[in-house]
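Here is a protein chain to look around in. Take a moment with the sequence and the 3D view, then read on for a short tour.

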Amino acid sequence: MSTNAYIGKQLKGGRIVAVYCHAGRDAGKVLFEHYKTSKKVKDLISLGDLSSVEKLVAPRSGSTHSWKTPKDNVTIAYSRERGDKFSQKWFNNENELLFENFGHTYLFKRGKWHFCNTDKNHKFVEIDEHTEF
């Protein structure tokens, strides 16, 4: 069973752009280990809603990656891989994002990943190697 999640990036001024991720329970560790720069996070969010987040944003040049034949370790995006309508969601601030009560919520802000499980509370904690999702 999957755990749905939001993956967001806080922009200057505090607004947040976020995408839905279907397999969100495993996303925290992947985000923490492989999406350490603002550019890489921006590239991920620019895909729109995700089926899963993996180590790579896109397949290597020349390789085939699709909904039916995904490459190992490559993020699966609904718009890119399935042709679904592109989707992102905007929030004015962290509270707006948290009170969606979406379960797992990941937020990249000030160069670090933060996590909240809104089923338990409404407070972000900075992710480190000991964080349990």
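## A serine tucked away in a strand

Ser51 counts as buried, because its relative accessibility is 13% and anything under 20% falls in that class. You'll find Ser51 in strand E3. Before going further, keep in mind that this is a predicted model. The chain averages a pLDDT of 93, and 97% of the residues score at least 70.

So who touches this serine? If you skip the neighbours within four places in sequence, Ser51 is in contact with Cys21, His22, Ala23, Trp67, Ile76 and Tyr78. Two of those names, Trp67 and Tyr78, come back in the next part.

## Rings that pair up

The structure holds six aromatic pairs. In one of them, the ring centres of Trp67 and Tyr78 are 5.8 Å apart and the planes meet at 40°, so this pair is tilted. That pair ties together distant parts of the chain: Trp67 sits in the loop between strand E3 (50-52) and strand E4 (76-77), while Tyr78 belongs to helix H3 (residues 78-82), 11 residues apart. Trp67 counts as partly exposed, with 34% relative accessibility, whereas Tyr78 is buried at 12%.

Another pair is Tyr106 with Phe115, which is tilted because the ring planes are at 35°, with the centres 5.3 Å apart. Tyr106 is buried, with a relative accessible area of 0%, and Phe115 is buried too, at 7%.

| Pair | Distance of centres | Angle of planes |
|---|---|---|
| Trp67 and Tyr78 | 5.8 Å | 40° |
| Tyr106 and Phe115 | 5.3 Å | 35° |

The charged end of Lys36 sits over the ring of Phe32, 5.2 Å from its centre. Lys40 lies over the face of Tyr35, at 4.9 Å from the ring centre.

## A buried glutamate

Is Glu81 buried or exposed? Glu81 counts as buried, because its relative accessibility is 12%, and the cut-off for buried is under 20%. This residue is part of helix H3, the helix that also holds Tyr78.

What does the side chain of Glu81 reach? It gets to the backbone nitrogen of Ala77 at 2.6 Å. There is also a polar contact of 2.6 Å between the side chains of Glu81 and Arg80. Leaving out neighbours within four places in sequence, Glu81 is in contact with His65, Ser66, Trp67, Thr75 and Ile76. Notice Trp67 and Ile76 among them: both are also on the contact list of Ser51.

## A helix with two sides

Which residues of helix H2 (residues 38-45) are buried? They are Val41, Leu44 and Ile45. These residues lie on the same side of H2, because they cover an arc of only 95° around the axis. On the other side of H2, Lys39 and Lys42 are exposed.

What do the buried residues of H2 pack against? Their partners are strand E1 (5-10), strand E2 (16-21), helix H1 (27-34), E3, strand E6 (104-109) and strand E7 (112-117). Strand E3 in that list is the one where we started, with Ser51.

Methods. Residues are numbered from 1 along each chain as its sequence is written. This is a predicted model: local features need pLDDT of at least 70, side-chain atom pairs count only at pLDDT 80 or more; totals for chains, interfaces and linings use all residues. Side-chain values use heavy atoms; hydrogens and water are left out. Rings of Phe, Tyr and Trp (its six-membered ring) pair if their centres lie within 6.5 Å; planes under 30 degrees apart count as stacked, over 60 as edge-to-face and the rest as tilted. Helices (H or I, at least four residues) and strands (E, at least two) are DSSP runs, numbered from the N terminus. Buried means under 20% relative accessible area, exposed over 50%, partly exposed in between (1.4 Å probe, protein chains only). A charge sits over a ring if NZ of Lys or CZ of Arg is within 6 Å of the ring centre and within 35 degrees of the ring normal. A polar contact is a pair of N or O atoms within 3.5 Å; within protein, one must be able to donate a hydrogen and the other to accept it, and residues adjacent in sequence count only if both atoms are side-chain atoms. Contact means heavy atoms within 4.5 Å. The arc is that of the directions from the helix axis to the C-beta atoms. pLDDT is the predictor's confidence in each residue, from 0 to 100.
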